[in-house]
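Have the sequence and the 3D view ready as you read.

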Amino acid sequence: MTSSTAIGSGGHDALRFYLTKTVQFIAVLATTLFGLVAVTFFIGRVVPIDPVIAIVGDRASPQVYERVRQELGLDLPLLQQFWIYLKKAATGDFGNSVLTTNPVMTDIANVFPATLELATLGTLIGVVFGIPLGILAAVKRGSLIDQFVRLLGLVGYSVPIFWLGLMGLLLFYAKLDWVAGPGRLDVTYSYLYTPVTNIVLLDTAMQGQWDAFWDALWHIILPASLLGYFSLAYISRMTRSFMLNELAQEYVIAARVKGLSEMRVIWRHALRNAAVPLVTVIALSYANLLEGSVLTETVFAWPGLGQYITNSLQNADMNAVLGGTLVIGATFVVLNLVSDLLYRLLDPRTR
Amino acid sequence: MAGAPPFPQPSGLQAWLLSAEPNSRWQARLGRGYLGWRSFTKNPLAVLGLAIVILLVLVAAFADFIAPYSPIVGGDLRTERLLPPSETYWLGTDDQARDIFSRIIYGSRITLFVVILVSIIATPVGLLVGTVSGYLGGWVDTVLMRITDIFLAFPRLVLALAFVAALGPGIENAVIAIAITSWPPYARIARAETLMIRNSDFIAAVKLQGASTPRIIMGHVVPLCVSSLIVRVTLDMAGIILTAAGLGFLGLGAQPPMPEWGAMVATGRNYLIDQWWVAAMPGIAIFVVSLGFNLLGDGLRDVLDPKAAK
């Protein structure tokens with residue numbers, strides 16, 4: 001990050017600071033998005049699969065082949081192709097999926113809520129359990145719980161997520177029957193509600209279909225816990241290190257000398273300061289879950305963006321793959337920038 | 001690491017290594033290595049990590065002698081398919097009646113191949129981009145760092161997926177894809193180190209002696225960036241293994257019948273409920289090896305880069 005400091009005094013400086021920051025923010029966003037499009041375009045061009053054959057099949061006559069080639073604009077110079085791709089990308093047009101024949105963006109809009117639902121619940125689990133665990137580990141440094149948090153982190157960084165998902169299915173679904181199997185909802189419930197937001201938990205709850213709601217919860221709990229575990233491993237580790245950092249500061253000693261209770265020192269004083277970097281960590285963890293969802297969705301047959309990408313991959317549907325990659329990349333970029341911005345907003349010292 | 005003598009050897013070699021007045025550059029280097037090794041061995045987890053990594057290398061090197069069966073050719077399809085772990089088949093057999101233990105043993109070669117190749121490709125690229133960008137500054141820095149940021153903006157597995165989709169599935173393409181997604185963090189670290197080194201007096205002295213820019217970068221900046229980069233690459237190896245296994249699991253990495261661990265888990269998925277060992281065993285192998293690299297990386301960080309340790 002380039003650091004620009006607003007030196008001087010006066011009321012306009014703060015405004016100017018936010019203006020320059022906003023301009024910078026937009027510039028970074030624009031160049032990065034441009035880069036993402038360029039990378040996906042490049043990937044699309046080196047692809048050895050002939051996109052024309054993917055559409056017309058290998059038995060088409062040369063005339064048909066040539067016509068489709070021209071329709072796709074593949075006879076144009078590369079730079080011109082890129083310009084067209086860029087213009088289309090700016091309007092959200094990534095062509096049609098060969099597999100579903102729908103526009104890629106329509107497909108993605110249909111499947112994205114499922115991924116969002118999973119990642120949000122996963123992050124929620126990570127925050128609810130990770131932050132208290134991290135605080136406990138920092139307060140009782142070297143204790144059993146500290147070791148436990150360390151172990152959670154170590155395992156989280158080392159275990160293949162798809163394998164853990166399969167083992168979870170084996171244990172909690174096949175052997176213990178505590179949770180439902182793969183999928184998002186039982187077929188019996190899938191017509192009981194009308195998809196509005198495409199987030200099943202929300203739709204069923206708003207329409208009062210409580211049986212369907214419980215079934216959806218029954219289905220989501222295992223994949224969400226799986227993602228939640230990875231989020232928890234990361235969040236608890238970071239919380240621990242932020243809290244250790246804060247607890248060593250002088251203001252904590254001052255608060256203790258004043259005679260404040262330990263609870264108050266930890267929760268009101270130290271945590272409030274540790275919360276600022278934690279916001280960025282939570283945003284980053286949310287972005288990471290998007291990546292984790294690719295494998296998790298494949299394991300759990302969860303009809304989200306990750307499964308859409310892998311399905312398209314297996315069918316050499318490059319438009320869909322690149323569109324999906326771009327959407328995940330863009331979400332990632334925006335989340336990163338938002339976390340950066342939040343950090344600056346919440347912490348006056350960075351201004 | 002330097003050759004370590006057994007501990008109860010008070011004088012002689014140890015004294016020579018720990019000498020405060022080394023007679024040669026070699027002695028000084030070995031002495032430093034010895035000190036590093038001593039502080040490394042104080043951390044039992046790091047030693048465990050090293051042991052796992054050494055075991056991986058040994059297993060890969062001597063797979064022919066260790067594996068009791070062929071990893072590719074199976075046994076009798078009528079009687080030896082999907083057998084549970086037993087004395088004959090330690091970890092059971094898979095759907096092609098192949099011994100899972102033997103396949104895991106041979107699979108270590110693929111894992112090692114991926115890890116070594118990715119680090120050989122990605123580390124120099126990251127090092128070069130980072131040092132050049134940090135040392136030259138100006139528009140070169142801006143352009144190179146923007147490119148780095150763009151690659152950092154993609155989640156690793158997703159970008160690797162897109163590349164493999166374009167290049168076609170296969171272990172070599174998976175390696176290329178992972179390498180393409182691996183270098184940006186290295187470039188970031190090398191740049192940060194370079195920015196600290198750039199303005200030091202010894203660089204000014206070298207410059208006054210008339211050294212060219214490439215010479216300063218290659219001869220004086222790069223060597224100083226290496227140790228923090230080694231730590232990062234080692235810590236990254238678990239991530240590389242997991243990404244490769246993920247690609248294999250999706251059928252985009254090593255192709256059958258290669259005994260790639262991720263692909264083996266994918267096969268086991270079809271028999272998960274009744275023949276759990278087919279999926280479970282290779283996953284344990286992935287987990288243990290990643291754990292080994294993580295522990296080793298943590299230990300190395302404490303020794304080589306104490307200020308990064310928290």
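Here we follow the aromatic rings, pair by pair. Keep in mind that this is a predicted model.

Over all chains, the structure holds 14 aromatic pairs. Start with F162(A) and F249(B): the centres of their rings are 4.4 Å apart and their planes meet at 20°. Planes under 30 degrees apart count as stacked, so this pair is stacked. Now look at where the two partners sit. F162(A) belongs to helix α7 of chain A, residues 161-175, while F249(B) belongs to helix α10 of chain B, residues 213-249, and the pair therefore crosses between chains.

Next, turn to a pair within chain B, Y69(B) and Y89(B). Their ring centres are 5.1 Å apart. The planes stand at 35°, so this pair is called tilted. Both residues lie in the loop between α4 (63-66) and α5 (100-136) of chain B. They are 20 residues apart in sequence, so the pair ties together separate parts of the chain.

Finally, move to chain A and find a group of rings. Which residues form one aromatic cluster there? They are F34(A), F41(A), F82(A) and Y85(A).

Terms used. Residues numbered from 1 in each chain as written. Chains lettered and ligands numbered in written order. Predicted model: local features only at pLDDT ≥ 70, side-chain atom pairs only at ≥ 80, totals over all residues. Heavy atoms only, no water. Phe/Tyr/Trp six-rings, centres within 6.5 Å; stacked < 30°, edge-to-face > 60°. Helix = DSSP H or I, 4+ residues; strand = E, 2+ residues; numbered from the N terminus.
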